[in-house]
Amino acid sequence: MEPKISLRPIELSDVDDFIEWAGDDKVTKYCRWNTFTSKDEALIFLRDVVASHPWYRAIIFDNEVVGSIHVTPTGSGKDERRGELAYHLKAKYWGMGIATAAVKAVVFCVFKELPWLERMEGLVFVENKGSQRVLEKAGLLREGVLRKYFFIRGKSVDIVVYSILADDVDKLD
């Protein structure tokens with residue numbers, strides 16, 4: 001049975017919950033941004049980045065903000081038909097199906113809210129087997145590995161690419 005979660009816009013008042021995962025090295029190990037080290041730093045990020053983001057949501061479980069999930073449109077001009085999916089979850093909630101439930105919810109609503117999107121992609125570090133399972137369980141298709149795709153924390157890393165098309169959403173259970 002999938003856990004009951006909900007999604008809502010992240011608010012500045014969520015900063016204490018946000019810093020719990022954004023300040024945890026276990027969570028940020030597979031992020032493209034560095035671990036947040038202060039509440040002030042987190043507030044600036046929420047104010048300057050999250051508040052102006054086109055689709056950034058808090059993951060709510062058991063009346064608590066336990067993570068975040070967002071879809072960032074990529075490409076430009078006529079090529080702006082893709083969105084990159086990313087999520088972060090407090091480590092104590094890993095393995096409970098919360099991330100999978102959040103990804104499924106996003107897949108169903110983002111294609112409706114952003115009707116010009118045709119494709120959503122998840123880019124996962126090769127070593128991050130947990131997130132690969134999440135995307136597969138949520139119905140995204142593993143497309144392949146992009147070698148040395150990102151340069152993070154002083155080294156080039158390989159990324160596994162997952163995707164789902166707007167046309168595929170009706171086929172999900």
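Predicted model: local features only at pLDDT ≥ 70, side-chain atom pairs only at ≥ 80, totals over all residues.

Biologist: In what order do the seven strands form the open sheet?

Modeller: Strands here are DSSP runs of E with at least two residues, helices are runs of H or I with at least four, and both are numbered from the N terminus. Two strands pair if DSSP finds at least two bridges between them. The pairing is mixed, and the order is S1-S2-S3-S4-S5-S7-S6.

Biologist: Which are the edge strands?

Modeller: An edge strand pairs on one side only. Here these are strand S1 (5–9) and S6.

Biologist: How many bridges join S2 to S3?

Modeller: Strands of a sheet pair through backbone hydrogen bonds, either parallel or antiparallel. S2 and S3 run antiparallel. They form a hairpin with two residues between them, and Asp-62 in the turn has a positive phi of about 55°. The number of bridges from S2 to S3 is six.

Biologist: Which residue in S3 is the bridge partner of Phe-61?

Modeller: S2 also pairs with S1, through five bridges, and those two run antiparallel. On that side, Ile-5 stands opposite Phe-61. In S3, the partner of Phe-61 is Glu-64.

Biologist: How many of the six residues of S2 are buried?

Modeller: Buried means under 20% relative accessible area, exposed means over 50%, and partly exposed lies in between (1.4 Å probe, protein chains only). In a regular strand the side chains alternate between the two faces of the sheet. In S2, Tyr-56, Ala-58 and Ile-60 point one way, while Arg-57, Ile-59 and Phe-61 point the other way. S2 is largely enclosed by the rest of the structure, because the buried count is six of the six.

Biologist: Which ring does the charged end of Arg-57 sit over?

Modeller: A charge sits over a ring if NZ of Lys or CZ of Arg is within 6 Å of the ring centre and within 35 degrees of the ring normal. For Arg-57 the distance to the ring centre is 4.2 Å. The ring is that of Trp-55.

Biologist: Is the pair of Phe-18 and Phe-45 stacked or edge-to-face?

Modeller: Rings of Phe, Tyr and Trp (its six-membered ring) pair if their centres lie within 6.5 Å; planes under 30 degrees apart count as stacked, over 60 as edge-to-face and the rest as tilted. By this rule there are four aromatic pairs. The centres of Phe-18 and Phe-45 are 5.7 Å apart and their planes stand at 20°, so this pair is stacked.

Biologist: How many residues apart are Phe-18 and Phe-45?

Modeller: Phe-18 lies in helix H1 (residues 15–22) and Phe-45 in helix H3 (residues 39–50). Both are buried. The pair links distant parts of the chain, and the separation is 27 residues.

Biologist: What is the angle between the planes of Phe-61 and Tyr-93?

Modeller: Phe-61 is buried at a relative accessible area of 17%, and Tyr-93 is buried at 11%. Their rings are 5.9 Å apart, centre to centre. The pair is edge-to-face, with an angle of 75°.

Biologist: How far apart in space are Val-71 and Leu-85?

Modeller: Val-71 is in strand S3 (residues 64–74). Its relative accessibility is 1%, so Val-71 counts as buried. Contact means heavy atoms within 4.5 Å, and Val-71 has contacts including Leu-85, Val-106 and Met-120. Val-71 and Leu-85 are 14 residues apart in sequence, but their C-alpha to C-alpha distance is 4.4 Å.

Biologist: What arc do the buried residues of H5 cover?

Modeller: In helix H5 (residues 129–137), Ser-131, Gln-132, Val-134 and Leu-135 are buried. The arc is that of the directions from the helix axis to the C-beta atoms. These residues lie on the same side of H5, because their arc is only 160°.

Note on methods:
Residues numbered from 1 in each chain as written. Heavy atoms only, no water. Lists of a residue's contacts leave out its neighbours within four places in sequence.
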